[in-house]
Every structure is written in C-alpha cells, then in structure tokens.
Amino acid sequence: MSIVETKRQGTLRQRFFAPLELALARATSTRQCHEYPDQLHLHSGVGRVVDGSKSGREWVQLFCTLFTISLSVSNFFAALRSERRLRLLREVDLDVRSQANAQIRIRDNPFQQHPELAQFEIYASDGHCQCASAHEDPIHGKKRAVTHLFSLNLCTHTAAHLTVTQPAKDKKKEHEIKALKRIGGAALRLGAPKGTKVVHAYDPAIIDYNQWHRWKQGHGVYIITLEKSNSALFKIGLKDWDKRAPMNVGVLSDEMTISPDGASLRRVRYRDPATGEVYSFITNEMTLPPGLIAFIYKLRWDIEKVFDVFKNKLEQKKAWGKHDRSKTQQAHFIMLAH
C-alpha cells in the first residue's frame, strides 16, 4: 500500500494512523509549530518509509503535493536533526508499540503454550546496517555503513530501536557489544515492568560473560546465544531435565559450566530433529526447560526476516541524513511503520 493509496481511501488512512494519533495526543514533548506541525512530521516520516522515496527531496515534493502544504527540504532535514522532535518520536514509538503489544499478545503468541514464560519478555536482537547517507563524513577516507541495533518482541512481533553505533574518533566502527554496554542494562529492559525477566536471543557478537552477569544482577536481563568454538567453557555439572516432555525433544544435554574468567553459564546441546544438525546454546538463564532455550533461539531468525522487509520491501537501504539524530529518527519511523 503506497501513501497515495492511503490518501485516496480516507477510512483506511485514518485506521492506519489511528495508533499514532492516539500516541501524539498523549505525548508530552509536543510544541506548536505552524509551519511544520508535529502531526505532519510524524505522518511525513512514516509516509516516507511506506512510500519508499529514494531521496529526501523526492519525498518532500510528493508530501507537499499530497497534503497541500509548503515545506522546504531544509526544514524537513532540520526537523530530522531536532532533539525535541526526537524526544517526541521516542514517546510516540513507545506508545504505539505498547498499544500493539496489548492487542497482539492475546491473539498470536508463539509461547502461549508455555506457562514457564509467563513472567518473561522474549526478544530477538541484532544489528542491521544501512548504506551511508549522501553527505556522510568519511572515516579513514571512506563513507562507512550505519549500524542500528534493534529488538523484535517474539511474543508480538513489535520492534524497538536500541541505538545507532557511534564510532570513536579514528575508529571505523563501534562493535555491537560496546554499543550495548554504552546504552546500559536498563535500556535492554525495553520498558518491561518490575518483576519481569527480559531475555535477548542474540548472535555470538554479544559474548561478554561478565557483562551478562552485570545485566542479570542489576537489571534482570538474560542472554541466549550460540557457543563459539573457542569459548573454553569448562563443564562443572549436569542439570536435571524432563526427557519425556515434548518441548525437550532434541535436547542432548543441559550442562552447568564456568568460563576461564569465572562466569557461571549454562550450555544446552540440541540436535534438530528435522535436519540432524547439532547446536550448542549458552545462556545465563538457569530455570527454563532446555528445549525452550533452543526454541527461543530458533525464533531469533524472525528478526532477520524483518530486516529483509526493511531492506527489500520498504526500501530503507540508506541513511536519510548524516547526523545521529537523523539516523535515529529514521529508525523510529521504520519501527512505527512496521
């Protein structure tokens, strides 16, 4: 559905933007701006994602035609760089995500048959790259790709933006684990209420066992990932598990291990019944059945499918601007459209 079609079908357009309108009405970071109101900025950003315009100039020209307004390209990009508009966008994005979570969780939850997960929020998290903007400043003589970190709620399929990586001076890029440390464990909770455990299924780029311990102890955040071949984990014991439970079909072992630097970890070895391939998962979550550990990581692939939609369906292959606030606003607009 293009933005042109949504304008022609008023009822469809109203329904599409209804959650955003409700979130805007409840937001606290609004301000009167007659030339380019907040409502138009939000509609414009989501509209650009849905429409797939190749450039900011192309989108502004189309947007002005559709909504019969006068908006300059410079004002559009100034709004993308605005700290106040970014605060508003974060508020609206969180509100819309909460609305969607409340509606979807009841109807379509892949973990619905597993009461063990009643007090958990389960996410697939990963980095996703976009090409540099047209005016990006080069690093070491080359324009570098932009990396965003996203989380996909595996219960509802709503998505959240965690951060955009920020290379230090004279560095080509910031590694994902460093970016996650920078934003802190509270950000990884993604607004989960007190008493709820938060699990992130992440690829091995997240491996830092002592950091996992700090996130677990300080924020109730747990990690599941694949074991690296050079992990050097030492087995110190075995956990009991129900071999008759259907959820544990394929589990080969459930081990307690310790890392060379003294971190306690759990290792679940699992053979995929369909392919025969053996996987070794590591986690700092000690209570869930081992088959659920494997199942959660299997569903991590869903975030890769969402990234494919961002890139190939929504055409969000390139950063809209070079400023971090512009990149972050673009990410939130993608989340809202999703």
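**View 1. Strand β2 (residues 146-153) and strand β3 pair in the antiparallel sense over five bridges.** This is a predicted model: local features need pLDDT of at least 70, side-chain atom pairs count only at pLDDT 80 or more, and totals for chains, interfaces and linings use all residues. Residues are numbered from 1 along each chain as its sequence is written, and side-chain values use heavy atoms, with hydrogens and water left out. Strands pair if DSSP finds at least two bridges between them. Strands (E, at least two residues) and helices (H or I, at least four) are DSSP runs, numbered from the N terminus. L152 has A159 in β3 as its bridge partner. β2 and β3 form a hairpin with five residues between them. In the turn, H157 has a positive phi of about 70°.

**View 2. Strand β3 (residues 159-164) is largely enclosed by the rest of the structure, because six of its six residues are buried.** Buried means under 20% relative accessible area (1.4 Å probe, protein chains only).

**View 3. Helix α5 (residues 73-81) has F76, F77, A79 and L80 buried.** Seen down the axis of α5, the buried residues fall within an arc of 155°, so they line one face of the helix. The arc is that of the directions from the helix axis to the C-beta atoms.

**View 4. Helix α3 (residues 38-51) crosses helix α12 (residues 324-337) at roughly 75°.** Their axes, lines fitted to C-alpha atoms over the stretch in contact, come within 9 Å. The two helices are therefore roughly perpendicular (65 to 115 degrees, between N-to-C directions on a scale from 0 to 180). In α3, H41, L42, G45, V46, V49 and V50 meet Q329, F333, I334, L336 and A337 in α12. Contact means heavy atoms within 4.5 Å.

Notes. Buried means under 20% relative accessible area, exposed over 50%, partly exposed in between (1.4 Å probe, protein chains only). Angles under 35 degrees count as roughly parallel, over 145 as roughly antiparallel, 65 to 115 as roughly perpendicular and the rest as oblique.
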